[in-house]
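This briefing sets out selected features of the structure shown below.

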Amino acid sequence: MPPPKDVVKIAIQMVGAIPQLIELQQTKPLASVLKDVCDAWSLPNAERYALQYADGRQTYITESNRRDIKNGSILRLTTSPDQEAERLFIGIQSKNVDVKTDSLKKLASLSQDITFAQEFISRNGLKQIYSIVEEGNDTGEMLAHALKAFTELMEHDFVSWENLSTVFIKKIVSYVNMNAVDASIQQLSLSILENMVPTSRLLFELVKKEVTLDRLLTQLQATNAQLQLKAMALLIALLLSATDAERRDMMDYLREKNIRQFIHKNIIHSSEPLGDEMAHYLYVLQSVSLNLCEHRMKTPMDPYSQEQRDLLQSLRQTVFELESEVSAGTFSTERRRSLCAKEFRKLGFMNNSNPADDLRRAPPGLLALDNMVYFSRNTPNAYSRFVLENSSREDKHECPFARSSITLTLILCEILHIGEPCSETAQAFYPMFFGQDHFFEELFCICIQLVNKTWKEMRATQEDFDKVMQVVREQITRTLSLKPTSLELFKTRVNALNYSEILKLRQTERLHQEETLAVPVLELREKLKPELLELIRQQRLLHLCEGTLFRKISSRRRQDKLWYCRLSPNHKVLHYGDVEEGVQSPPIESLPEKIPVADMKMLLVGKECPHTKEKSSGKQNKDVLELAFSIVHDVEEYCLNFIAPTRYEFCLWTDGLNVLLGNEMTSERTQTDLDVLLSMELKLRLLDLENISIPDEPPPIPKPPSNLNFCCDFSHAEQ
């Protein structure tokens, strides 16, 4: 008798026959199982048949995936993959248009299955699809099915994209460049080109040459949201595959075409809600654009470069221009050098005799010089006021412009993650970024004036420089967390968050911390913890019951495919399955795959997950590692792999799964939620003790009295 885990009870259907209920022995060869099923229905030639799931993606059952079959699964007896591949291979070559269209439609559906795809490709089926695309002039339903089938077959990575002919690629490009073509064909063509671009330098150059940025901008202006999304996906793929010089040229051209303003008006502030995929592409576009500053940020100043020296001198000449002209004709060379050093000191350089030394630290390198020059040229009045106001002060309270600018540039680079690689999953972009062409420089102009304002509010001296910059960093990060939609709104909010407001916020946080550190309060916290942890556990399980939409991510690209996972209301089964774009919360009955909680063995996270190890061919993206987790079930070889859409979802899911496994919740979110709940509960409990100091130790118990004869005898009174 095999162990119970090697036997699953399933139902097998066939059109026109009564379903069979069988006990599938996993140790028995699949060919023998098929023969028994066919014999029960008196079907000859069992080798021509195969089993596949009746619901969901209808995957074929093979020896490699049969262990995924669960108790209660419903399978269907159908034509074997090799027979079906042969039939469709012949069907797509038919002269009958209806037969050919139906065959391509069926092919597009079945090509999602890896077993069928392997059989079809082994018959040189891709060559037939190439012929349909290359030779056919039809742009209707037949072509759409052919392109869909090609996309699905290429997803399995059996064939290299570099094997595609130039004729085929140019035909795909022509569908993108045509105006009078069905939107579904343009979407599929854009998707094919997006897949193609990252695989080879030659393919990138070919696509970049044939599909112009002007054409992609036209597609971005389409009213069809999916077409707009696919055009943005191809644009991002081209930007990520380009060299630094090519990327800079492309971004300059896009800036000329006012792409930011278009995105800000027609995508971010569209009447339609912004989807996760588009949010990710906007994040990447923002990241790529900001990273153009990386080269200047990492390049120290060269004191022998005439161009750089001229930029440095322009800072002095802009604000001390009149004095410079007078001194040039009156004083000797030595005197002029001394005067220049004095003026550079007034500008706030540490090394006033050789100010280039201040800019040799990289980062921020030449980026700090660029920002100072931009500020002086675009807001000359504010620049002159900043420098002259501080240079005329003799009470050691002057704010050094150059030193502040260099440090502020470094702070902004750190906050905006300049120089860091793009995340594969992040969706956090700043809407105000797309409302301004020179975003980084304009942001600097606002923040450097904030430095001067905060300096005066703090009545700071040179010794307080680091404290001031720390406050400025806090002002910027707190304001950015509010996601202002424009730089004007950012300027208003960051100026409203003055030094006194920062002190109030800090004091509130400090008082809260001091309140919670009293010994009696700490003891009360410990007593409240178990009850609140149970509340968090229930919330985590409730979140799992509501379910989450996950994306499938391959090593090649961020994919469009979605799947949904949710816990049953009785907390006994995890249901999951593929879903279409736009589906928010599919009913649990529509998710065909199941994992009983009792079969779950352990939870893996980060580098321990098998799907992160599979991607070891390239440099691992840190962001993906932080969002990856896997459930090991049945035996260790079988895992359900996840990549959470956000860190928040990662924390809730790993906590919930740990609760189901009987483990402690270990995410940082658990501690955050516990602190919030404890804080609220403590405030409610201590409400009556407001303004009353709580002693660290309980008051002493008084000594017993010298005698106990003070007790009244009521017996006489009763008589």
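Helices H13 and H14 are roughly antiparallel to each other, because their packing angle of about 160 degrees lies over the 145 degrees that sets this class. The model is predicted, and the values below are computed from it.

**Helices H13 and H14**
- Helix H13 covers residues 259-268 and helix H14 covers residues 276-290, and their axes lie 13 Å apart.
- The crossing of H13 and H14 is left-handed.
- On the H13 side, the contacts are made by Arg 260, Ile 263, Ile 267 and Ile 268.
- Their partners in H14 are Met 278, Leu 282, Leu 285 and Ser 289.
- H14 is largely enclosed by the rest of the structure, because 14 of its 15 residues are buried.
- From first to last C-alpha, H14 reaches 21 Å, close to the 21 Å expected for its 15 residues at 1.5 Å a residue.

**Helices H20 and H22**
- Helix H20 (residues 380-391) packs against helix H22 (residues 439-458) at an angle of about 30 degrees, with 11 Å between their axes.
- H20 and H22 cross in a left-handed manner.
- Ala 382, Phe 386, Glu 389 and Asn 390 of H20 are in contact with Ile 448, Gln 449, Asn 452 and Lys 456 of H22.

**Helix H16**
- The buried residues of H16 are Gln 308, Leu 311, Leu 312, Ser 314, Leu 315, Arg 316 and Val 319.
- In an α-helix there are 3.6 residues a turn, so residues three or four places apart point the same way.

**Domains**
- The domain assignment divides the chain into domain 1 (7-79), domain 2 (83-270), domain 3 (298-321 + 334-510) and domain 4 (530-671).
- The centres of domain 2 and domain 4, taken over C-alpha atoms, are separated by 31 Å.

**Asp 36**
- Asp 36 is located in helix H1, which comprises residues 30-40.
- With a relative accessibility of 41%, Asp 36 counts as partly exposed.
- Asp 36 and Ala 237 are 201 residues apart along the chain, and 51 Å separates their C-alpha atoms.

Note on methods:
Residues numbered from 1 in each chain as written. Predicted model: local features only at pLDDT ≥ 70, side-chain atom pairs only at ≥ 80, totals over all residues. Heavy atoms only, no water. Domains from an automatic or database assignment. Buried < 20%, exposed > 50% of the residue type's maximum accessible area, 1.4 Å probe, protein only. Helix = DSSP H or I, 4+ residues; strand = E, 2+ residues; numbered from the N terminus. Axes fitted to C-alpha atoms, helices over the stretch in contact; angles between N-to-C directions. Left-handed = near helix turned anticlockwise from the far one by under 90°. Contact = heavy atoms within 4.5 Å. Parallel < 35°, antiparallel > 145°, perpendicular 65-115°, else oblique. Expected span 1.5 Å × (residues − 1).
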